[in-house]
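Please look over the sequence and the structure shown here before reading on.

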Amino acid sequence: MHVAAYIELVQGMRSAPTAKQHLACIRMLFDGLVIGQVMPTNPAHSVRGPRHSVTEGVTPVLSSEEATALLTGMDVSTVVGLRDRAIIAVMTYTFARVGAVVALAVEITFRRRSAGGCGSTKKTVS
């Protein structure tokens, strides 16, 4: 009863996701007390949280002009600056997340022309 009253109070002052987070924290606290045999049951287990569903994403997307301004404004006089610019360019133009870009095993193909014809060597960079 006290947990439900607290969640209703939080709902009146904060957003539904915040109230859901508070309820999740309280449930975890009481789960720990039940596991530690301090309490026989979890009183927050039966409390229902507020309904909240997200139907539309809110991920910001850079415009072409903003992306160009970001990339041209970076300091590329050092190797670190070049690396950062390459990572941000890949993330911007492929819509990849940081974890996906970091986990890439990039295969770079170098082609060089010799007097006798074209040859190629492959080098793997990770």
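**Overall arrangement**

The model is predicted. The protein chain contains 5 helices and 2 strands, and along the sequence these elements follow the pattern α-α-α-α-α-β-β. Of the 126 residues in the protein chain, 13% are buried.

| Helix | Residues | Number of residues | Reach, first to last C-alpha | Expected reach |
|---|---|---|---|---|
| α1 | 2–13 | 12 residues | 17 Å | 16 Å |
| α2 | 16–35 | 20 residues | 28 Å | 28 Å |

For α1, the reach is close to the value expected at 1.5 Å a residue. For α2, the reach is likewise close to the expected value.

**Helix α1**

Val3, Ile7 and Val10 are the buried residues of α1. Viewed down the helix axis, these buried residues fall within an arc of 60 degrees, so they line one face of α1. The cover over the buried residues of α1 includes α2. The other side of α1 carries the exposed residues His2, Glu8, Leu9, Gly12 and Met13.

Met13, which is located in helix α1, has a relative accessibility of 57%. Met13 counts as exposed because the cut-off for that class is over 50%. Met13 also belongs to a nonpolar surface patch that it forms with Tyr6 and Leu9. Together, the residues of this patch have about 320 Å² of accessible area.

**Helix α2**

In α2, the residues Ala19, Leu23, Ile26 and Phe30 are buried. Their arc around the axis is only 65 degrees, which means that they lie on the same side of α2. The cover over the buried residues of α2 includes α1.

Which exposed residues does the face of α2 turned away from its buried side carry? That face carries Gln21, Cys25, Met28 and Ile35. After α2 comes Gln37, which has a positive phi, near 60 degrees.

How values were computed
Residues are numbered from 1 along each chain as its sequence is written. This is a predicted model: local features need pLDDT of at least 70, side-chain atom pairs count only at pLDDT 80 or more; totals for chains, interfaces and linings use all residues. Side-chain values use heavy atoms; hydrogens and water are left out. Helices (H or I, at least four residues) and strands (E, at least two) are DSSP runs, numbered from the N terminus. The expected span of a helix is 1.5 Å times one less than its number of residues. Buried means under 20% relative accessible area, exposed over 50%, partly exposed in between (1.4 Å probe, protein chains only). The arc is that of the directions from the helix axis to the C-beta atoms. Contact means heavy atoms within 4.5 Å. Patches are made of residues with over 30% relative accessible area and no salt bridge: like charges are joined within 9 Å, nonpolar side chains (Val, Leu, Ile, Met, Phe, Trp, Tyr) within 5 Å. Accessible areas come from the Shrake-Rupley method with a 1.4 Å probe; for residues, only the protein chains shown count as cover. A salt bridge is a side-chain nitrogen of Lys or Arg within 4 Å of a carboxyl oxygen of Asp or Glu.
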